[in-house]
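Open your viewer, show the chain as a cartoon, and keep the selection tool at hand. We will go from stop to stop, selecting a few residues each time.

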Amino acid sequence: IDFARGGQAESETLKLSLPQPGAALSWVAFSDLHEQTSLVRQLAGHIPWQNLDFVVYLGDLLNSTTNAGQVAQSILGIPNGGRLLPHLYARGNHEPRGPAGRSASDWLMPPGAEWYFTTQLGDIFFIVLNSGEDDLDNHSKYAGLVNFAAYHQQQAAWLAEVFASAEYRRARVRIVLMHIPPFNASPEYAPEFQPVLDLLLRQGDIDLVMSGHTHEPGIFLRAETGLPFPVTVEAGTEIQQA
């Protein structure tokens with residue numbers, strides 16, 4: 001065993017401008033990049049960064065978390081055209097996996113923060129959900145180390161408070177960000193998430209849900225899905241030709 005004593009490391013303090021109420025907003029969304037750095041550079045080259053106000057990440061930017069370097073490269077290191085932009089991040093089902101999956105909270109969030117939260121950019125009230133895993137907690141691949149059932153009960157109690165809040169009620173636009181799209185989360189697909197999903201599906205005043213996970217991009221309107229809101233699914237595993 002060997003060690004070296006080090007001092008305190010501090011980066012410079014960066015300041016960015018947040019979109020103001022009443023402003024027209026433009027943003028880009030990434031999902032399911034799975035550490036494909038060459039693909040990320042390709043995608044970034046197609047984006048008019050100078051016209052954007054913020055960036056959305058919809059999960060599975062990693063495959064299996066083993067070290068902080070992965071986070072630095074595949075999440076914090078995504079090209080942004082040299083601009084300092086606000087980022088919104090919804091955790092996918094792959095980021096918690098791996099020996100350092102639990103450490104990602106320390107690397108990406110302030111102490112005490114959760115992977116589900118709300119924030120406002122301009123006139124948009126964002127609800128960011130953590131849709132958790134896509135299999136039962138007792139699946140053999142998790143080796144008894146997963147307890148999303150209790151976690152989602154806690155998240156559901158929080159979401160009920162959000163929907164009842166004055167900030168939510170007076171918002172002009174309401175958008176939900178989540179990795180697994182709501183029409184894929186079902187008792188057979190992600191049963192532990194059901195308490196959160198039940199609340200979400202009763203909320204008819206949501207303007208849009210943005211998601212990923214399926215690797216099949218699409219725009220799904222109410223008439224097509226029967227859901228009370230439209231859903232977009234982003235997929236970053238290949239360049240999509242229009």
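Start by selecting helix α6, residues 194–201, where Gln194, Val196, Leu197, Leu199 and Leu200 are buried. Buried means under 20% relative accessible area, exposed means over 50%, and partly exposed lies in between (1.4 Å probe, protein chains only). Helices (H or I, at least four residues) and strands (E, at least two) are DSSP runs, numbered from the N terminus.

A word on what you are viewing: this is a predicted model, in which local features need pLDDT of at least 70 and side-chain atom pairs count only at pLDDT 80 or more, while totals for chains, interfaces and linings use all residues. Residues are numbered from 1 along each chain as its sequence is written, and side-chain values use heavy atoms, with hydrogens and water left out.

Zoom out for a moment. The protein chain has seven helices and nine strands, and 45% of its 242 residues count as buried.

**The six-stranded sheet**

Select the strands in the order β4-β5-β6-β7-β9-β8, and you have an open sheet with mixed pairing. Its edge strands are β4 (117–121) and β8 (218–220), each pairing on one side only. Two strands pair if DSSP finds at least two bridges between them. Strands of a sheet pair through backbone hydrogen bonds, either parallel or antiparallel.

Zoom in on β4 and β5 (residues 124–128), which run antiparallel and are joined by five bridges. Which residue in β5 is the bridge partner of glutamine 120? Click on phenylalanine 125 to see the partner. Next, show helix α4 (residues 148–164), which lies across β4 and β5 and runs at about 170° to β5. For such angles, axes are lines fitted to C-alpha atoms, for helices over the stretch in contact (heavy atoms within 4.5 Å), and angles run from 0 to 180 degrees between N-to-C directions.

**The three-stranded sheet**

Now select β1, β2 and β3, an open sheet in that order with parallel pairing. β1 (27–30) and β3 (87–89) stand at the edges with a single partner strand each, so one side of each has no neighbour in the sheet. Three bridges join β2 to β3. Within this stretch, valine 56 stands opposite leucine 88 in β3.

**Aromatic rings**

Show the side chains of phenylalanine 54 and phenylalanine 126, both of them buried. The structure holds 13 aromatic pairs. These two rings form an edge-to-face pair, 5.6 Å centre to centre with 80° between the planes. Rings of Phe, Tyr and Trp (its six-membered ring) pair if their centres lie within 6.5 Å; planes under 30 degrees apart count as stacked, over 60 as edge-to-face and the rest as tilted. The pair links distant parts of the chain, since phenylalanine 54 sits in strand β2 (residues 54–57) and phenylalanine 126 in strand β5, 72 residues apart.

Then select Phe30, Trp49, Tyr57, Tyr89 and Trp115, which form one aromatic cluster.

**Two loop residues**

Finish at histidine 213, in the loop between β7 (208–211) and β8. Histidine 213 has a positive phi near 80° and counts as buried at 12% relative accessibility.
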